[in-house]
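I opened this entry to keep track of what I looked up, item by item. The sequence and the structure come before the notes.

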Amino acid sequence: MKTSRYIIVAMLATAMIAGTTACKTDDEPNWDVPIVGPTPEPTPGGDDQPADDNSNPIRFNELNGNKPQKYIELYNTSDAAYDITGMAIVKNGDETVYVAPQGTTIAAHSYLTLNSDATDYSGGFIAGLSAKKSLKFELFDAAGSSVDVFINPSQAKGNVWDETDPVYNGEASKESYGRKPDGTGAWYMMALTPGATNNESATSAEIKW
């Protein structure tokens, strides 16, 4: 009889343990479902280069709205190569025209020339750029913070875009809008310098808003 009681007690204990293991509260993980972590957001420059307005070294350097090839040029103002993955350009306040593909890097004190009217981001930005219209182009980091902006307002309406009376008409003078010194200086109307320094370029009017 003793042996039978021990067997029954052991069976009851096993059943209780099994029932406890099978029971799951709402606060416990469901081990039958794979745990999928959040998709990491790209960080420009890697972990050692935080993505904020003060640390991001990428700036607009030149915008050309003249044929045969219209373009936007970005410049890396820092002393090290910089990964711009996820950085974006927004046209006229509401149209995202470029998002830097994964692994896009600009070398130290170097340029990235993005051609207009591209079919995808690997070839440039997917919009036009007119030298004879009012316009706004804004550069954002991968986290969505504004890094830089260029505007050419309407003479009559101010910050209204796609008007045919820009304050600075690059088509009339066959010039681009460029910074001098590269990436950090004031904006000027200047001779085109795609993929090269603006510092030696002949300039005419300084662009002032």
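**Conventions.** I worked from a predicted model, in which local features need pLDDT of at least 70 and side-chain atom pairs count only at pLDDT 80 or more, while totals for chains, interfaces and linings use all residues. Residues are numbered from 1 along each chain as its sequence is written, and side-chain values use heavy atoms, with hydrogens and water left out.

**Sheet.** I looked up the strand order first. Six strands make an open sheet, ordered β7-β2-β1-β10-β11-β12, with antiparallel pairing. I took strands as DSSP runs (E, at least two residues), numbered from the N terminus, and two strands as paired if DSSP finds at least two bridges between them. At the edges I found β7 (111–115) and β12 (203–206), each of which pairs on one side only. From one strand to the next the twist averages 35°, the axes being lines fitted to C-alpha atoms and the angles running from 0 to 180 degrees between N-to-C directions. I then checked β1 (residues 58–64), which two bridges join to β10 in the antiparallel sense. Opposite E62 I found G178 in β10.

Next I went to β4 (residues 88–91). From this strand A88 and V90 point one way, I89 and K91 point the other way, and all are buried; buried means under 20% relative accessible area, exposed over 50%, and partly exposed in between (1.4 Å probe, protein chains only). In a regular strand the side chains alternate between the two faces of the sheet. Four bridges pair β4 with β5, antiparallel, and the two form a hairpin with three residues between them. In the turn, N92 has a positive phi of about 55°. Four bridges also join β4 to β8, again antiparallel.

**Core.** Which residues touch the most other members of the largest nonpolar core? I listed F60, L74, I89 and F137, out of 28 residues. Such a core is a set of buried Ala, Val, Leu, Ile, Met, Phe, Trp, Tyr and Cys residues joined through side-chain atoms within 4.5 Å. Among the elements that give two or more residues to this core are β1, β2 (71–76), β5 and β8 (135–140).

**Salt bridges.** I counted three salt bridges, taking a side-chain nitrogen of Lys or Arg within 4 Å of a carboxyl oxygen of Asp or Glu.

- D148 and R179 have their closest N and O atoms 2.8 Å apart. D148 lies in β9 (residues 146–152) and R179 in β10 (residues 176–180), so this pair ties together parts that are 31 residues apart in sequence. Both residues are buried.
- K136 and E138 meet at 3.8 Å, N to O. K136 is partly exposed at 22%, whereas E138 is buried at 16%.
- E163 and K157 meet at 3.4 Å, N to O. E163 is partly exposed at 21%, and K157 is exposed at 53%.

**T104.** I found T104 in the loop between β5 (95–99) and β6 (105–106). T104 is buried, at 15% relative accessibility. Its side chain reaches the backbone oxygen of P101 at 2.7 Å. Leaving aside neighbours within four places in sequence, T104 is in contact (heavy atoms within 4.5 Å) with residues including Y82, Y98 and L112.

Notes
A polar contact is a pair of N or O atoms within 3.5 Å; within protein, one must be able to donate a hydrogen and the other to accept it, and residues adjacent in sequence count only if both atoms are side-chain atoms.
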